[in-house]
Each structure stands twice: as C-alpha cells, then as structure tokens.
Amino acid sequence: MGRGFTKGVKEPAKTPQQLMREQMDELMGKTRDVPLSERDARPPSFADPEVDKFYLCGCSPYELLKGTKSESLPQMERDGFLQQRSEALRTAWEELPQEEKDKYGYERQLLDFLQALVDEQDRRIAKTKERYDRENEALPAIPPETVAQINALKEEIRALQAQSEALGEQGDVDASMVAFNRANALQMQMQEVERKGTPAHKKQFVDDISGLVYASTDNEARLDDLRSGKQYKGWKLMRDKLAELRQKNPPAAGGAGSSSGKGRVEEDRRHDDRRVSDRRYDDRRYDDRRGDERRHD
C-alpha cells in the first residue's frame, strides 16, 4: 500500500485463470493448497503484506465499498479486497502510542488513498451532475397529436376574440359577450389539453457524498433508504476520515526519525520478505500442480 495513487489509471486486463485464482483465494484463502504442516504458523504483523493497513487505521475502503458500484473505481485493486482484516490486530494497533503509529506511516498512506478516491468520485459526480442539469432544464416534448389539437384551439380562440371585438364596435354588446365568454372557455380547455398532454418531467439529482442518483418524485422513505445503504454510509465514513486525517496531517513512514522506530519498521520489513518468499514458493507449487494436472488430462 506504499505506492502512489493515480487518477483514473486502470490495470491491464487479467486472464480468466488469474481471475479464477483470485476468486478461489477470496473463498478459501491464499494458502489453501499448502499442507497444514508447511503453513506459516507465526501471527501476522502490522507490516505483513497480506494485512489491510487501512483497516488497522479504522477506515478500509476495500471493506466499506465492497459490493457497491464504487468498488470498480480504478484505484481499487483486486488484491486489496483479498487482504486480511483482523479485529485482534486492529485492537493491538489502536493500543499503540501515536508516536509508534507514525513510524509506520499507514495513516499517511490512508490519507493519500482516500484523497485519490474522493477526487475520482467528485470528478464523476460533477460529470453526472452536468448531464442531469442539461436534462432537467430541457422541456419535455409534447406529442404531435396534442400539438395539433392545441393549435386548432388557438385558431378558434383568435377567431372568437376578433368576432367579439367586431360585435362590440357594432354595438351588439350581448353577442360580443357571448363570443368573448366562448373564447375564454376554449382558453381554459386548451390549457387543460396542454397540461394532460405534457409528459411528467421527472428531474434527476446526484448526491454530493455518495454519487447516488435520486429523482424529484422520490419520497422521504426512498431518500432514507439511500442514506442507509452501504454506498452512502461507506462514502460518508471515508469523507469524515479524510477530514480527520487532513486535520491530523500524519507523517510518512519513519517520519518520527528515531532509530528505534526505524528498527521496528525494518524488523517488520524483514518479516514481510520472509512471508513474500513463502508466498512465492506456494505460488510455484500451485503452478506446478496445475501443470501436472493439465499433462494428465
């Protein structure tokens, strides 16, 4: 997780075999093919590459956004969803003094990752808003047959108004009022035809926090459902955490500068190297087994 986070950069497409293997990793664990006697029995450390560092810091986008539309953001890597999230390890992390946490730099990594995700989401929200704003401003089209009916009524109204004016000039007040009232009645009829013939104009809006779309016709219960959903809650927590970390401004790894801190991080890195080496060994054994199976088929 120590990498930089770029905007809108997608990884190359993975092969069906890679995707299937990742799904098996998620369902059965990454060491499913390793005999129990050969598995690493050592408890994971904070710096273990399979540990979700963001979960330790109290806000894992991979946990919060899994199963939502936002899980496909280009910054969200598949491996992140497969990482371990141990309550016991997080409790141990929370018990560390802040000075010790700063030596790892995980909170800075989380800040950078959340900032990249929020920037990407805000860019998408702004783009979606522009589209819906244009659609909301456009008047709905009236069916051609309704337009023809309205035009016919307009012509009849104009004729009656002209007739009423002419009769008034001739002194026939009663006949003038009859034509005038008839024109008014047709005016009201035309407005009713126009109202019924105009399609309902449902406007669409975009939530500033989650990017979810709701309509002007949605009732309060529908809006409550959106706000209680996983995507809204996830983005709300992530934005709140980002604001907290901005205020805190945590340092990068080793920012405290003490030799004991560097020693602790270095020790965890050596531990990581051993686990990565074991994982590569497991991968080779897995590939060898798959190759043997294909040769026997």
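Which residues make a nonpolar surface patch of about 280 Å²? I looked this up before anything else. Val173, Met177 and Phe180 make the patch. I took patches as residues with over 30% relative accessible area and no salt bridge, where like charges are joined within 9 Å and nonpolar side chains (Val, Leu, Ile, Met, Phe, Trp, Tyr) within 5 Å. Accessible areas come from the Shrake-Rupley method with a 1.4 Å probe, and for residues only the protein chains shown count as cover. Met177 sits in helix α9, residues 173–197. Met177 is partly exposed, at 42% relative accessible area; buried means under 20%, exposed over 50%, and partly exposed in between (1.4 Å probe, protein chains only).

**Basis of the model**

I noted that this is a predicted model, in which local features need pLDDT of at least 70, side-chain atom pairs count only at pLDDT 80 or more, and totals for chains, interfaces and linings use all residues. Residues are numbered from 1 along each chain as its sequence is written, and side-chain values use heavy atoms, with hydrogens and water left out.

I checked confidence next. pLDDT is the predictor's confidence in each residue, from 0 to 100. The protein chain averages 80, and 71% of the residues score at least 70. Over residues 256–265 pLDDT stays under 50, and the model has nine contacts for them beyond four places in sequence. A contact means heavy atoms within 4.5 Å.

**Overall layout**

I found 12 helices and two strands in the protein chain. Helices (H or I, at least four residues) and strands (E, at least two) are DSSP runs numbered from the N terminus. Reading from the N terminus, the order is α-α-α-α-α-α-α-α-α-β-β-α-α-α. Of the 297 residues in the chain, 34% are buried. The chain exposes about 18,500 Å², of which carbon and sulfur atoms supply 50%. Among contacts between residues at least 6 apart in sequence, 76% join residues at least 24 apart.

**Nonpolar cores**

I then went to the interior. A nonpolar core is a set of buried Ala, Val, Leu, Ile, Met, Phe, Trp, Tyr and Cys residues joined through side-chain atoms within 4.5 Å. The largest one has 28 residues, and Phe46, Met76, Trp93, Tyr106 and Met238 have the most contacts inside it. Elements giving two or more residues to this core are α2 (53–56), α3 (61–64), α5 (87–94), α7 (106–137) and α11 (230–248). Helix α7 gives the largest share, seven residues. Another core, of eight residues, lies apart from this one and includes Ile150, Leu153, Leu160 and Leu186.

Leaving out residues up to four places away in sequence, Met76 touches Pro61, Tyr62, Leu65, Ser70, Glu71, Phe81, Phe113 and Leu117. Tyr106, in helix α7, is buried at 6% relative accessible area. Beyond four places in sequence, Tyr106 is in contact with Phe46, Ala47, Lys53, Leu56, Cys57 and Trp93. Tyr106 and Phe54 are 52 residues apart in sequence, yet their C-alpha atoms are 7.1 Å apart in space.

**Salt bridges**

How many salt bridges does a search of the whole structure find? The search finds 17, each one a side-chain nitrogen of Lys or Arg within 4 Å of a carboxyl oxygen of Asp or Glu.

I picked out Lys248 and Glu107, whose side chains meet at 2.9 Å, N to O. This pair links distant parts of the chain, with Lys248 in helix α11 and Glu107 in helix α7, 141 residues apart. Lys248 is partly exposed at 34%, whereas Glu107 is buried at 8%.

Glu155 and Arg158 form a salt bridge at 2.4 Å, N to O. The two are separated by about one helical turn because they are three residues apart in helix α8, residues 144–169. Arg158 is partly exposed at 45%.

Glu220 pairs with Arg227, and their closest N and O atoms are 2.9 Å apart. Both ends are partly exposed, with Glu220 at 48% and Arg227 at 37%.

My last entry is a network of salt bridges that links Glu120, Arg123 and Arg124.
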